[in-house]
Amino acid sequence: MKVYSGKGEAVVLLHGFLANKNYWIKLIPQLGDQTVIVLDLLGFGNAPKPKTSQYTYSSHIEHIQTQLKNLKIKSPFILAGHSMGAVIAARFAIQNPNNIKQLILFNPPIYSSTSQALGVLNDTSILYRAILNSKLRFVIWPILRKVAPISKHTRQSREMTLQNVILKAEFIQDLHKLNIPTKLVVGIHDRPVYLANLTHVSLPKNIALHTVDAGHHAPRQKPRVTASFFTN
């Protein structure tokens, strides 16, 4: 974890799958004097990587709660997440509504079912398929871990988080359980299935849907635009 101290209210940022706290490096300077806390999710970056963990929603949320308690972060704070971090942030907010002033969800994987999620992932690029579910992953990841800091996660943290968070495809149901002000930000150049699935969903009044001219990585591609969502 890392804290960028400022005079403003606290903002907690959760990175996505196969990333770490450094994902937000371009956004942080755009957030002015806010106190920004970036966390490595359980099993990723420099966070603990317990071999006994199943890397479920509960595992990740417990890790976040421990980190925030250690930092003595005052509530309520703004919670934002990208991709997998967005779906974990939503579940965290459901379980801890009094701790969250505002929830901002960037580019979450919006799947209607596990089968749809598997279908989309299996229809992605050859490289992505190779690192996720081909036998080559047993060769690729040990090499990446030696040359790329982003690859500090373990096979268990990567594959169990994929299985027990992303492929659960529970984000749409979670949207209807949220009762705090929420901004849902989707890139128009992200996977088409995300916006397509939202056309069949009637969002609660506390959730505002925003589309941005970006792909899956809006916080890195458009940091100024991303920062604008942190203002009231």
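This is a predicted model: local features need pLDDT of at least 70, side-chain atom pairs count only at pLDDT 80 or more; totals for chains, interfaces and linings use all residues.
Colleague: Why is helix 1 called roughly perpendicular to helix 2?

Modeller: The axes of helix 1 (residues 57-71) and helix 2 (residues 84-95) cross at roughly 75° and come within 10 Å; angles of 65 to 115 degrees count as roughly perpendicular, and therefore helix 1 is described in that way relative to helix 2.

Colleague: Which residues of helix 1 and helix 2 meet?

Modeller: From helix 1 come Tyr57, His60, Ile61, Ile64, Gln65 and Leu68, and they meet Val87, Ile88, Arg91, Phe92 and Gln95 of helix 2; by class, this contact has 7 nonpolar, 3 polar and 1 charged residues.

Colleague: Which residues have the most contacts inside the largest nonpolar core?

Modeller: They are Leu14, Phe77, Leu79, Met84, Leu103, Leu105 and Tyr111, in a core of 52 residues, of which helix 2 supplies the largest share, 8 residues. Beyond four places in sequence, Leu79 is in contact with residues including Val12, Leu14, Ala89, Phe92 and Ile104.

Colleague: What makes Tyr55 count as buried?

Modeller: Buried means under 20% relative accessible area, and Tyr55 has 0% relative accessibility, so Tyr55 counts as buried. Tyr55 lies in the loop between strand 3 (35-39) and helix 1, where, leaving out residues up to four places away in sequence, Tyr55 touches His60, Gln156, Met160 and Asn164, among others.

Colleague: How far apart are Tyr55 and Asn164 in sequence and in space?

Modeller: They are 109 residues apart in sequence, while their C-alpha atoms are 6.7 Å apart in space.

Key. Residues are numbered from 1 along each chain as its sequence is written. Side-chain values use heavy atoms; hydrogens and water are left out. Axes are lines fitted to C-alpha atoms, for helices over the stretch in contact, and angles run from 0 to 180 degrees between N-to-C directions. Helices (H or I, at least four residues) and strands (E, at least two) are DSSP runs, numbered from the N terminus. Angles under 35 degrees count as roughly parallel, over 145 as roughly antiparallel, 65 to 115 as roughly perpendicular and the rest as oblique. Contact means heavy atoms within 4.5 Å. Ala, Val, Leu, Ile, Met, Phe, Trp, Tyr, Cys and Pro count as nonpolar, Asp, Glu, Lys and Arg as charged, and the others, Gly among them, as polar. A nonpolar core is a set of buried Ala, Val, Leu, Ile, Met, Phe, Trp, Tyr and Cys residues joined through side-chain atoms within 4.5 Å. Buried means under 20% relative accessible area, exposed over 50%, partly exposed in between (1.4 Å probe, protein chains only).
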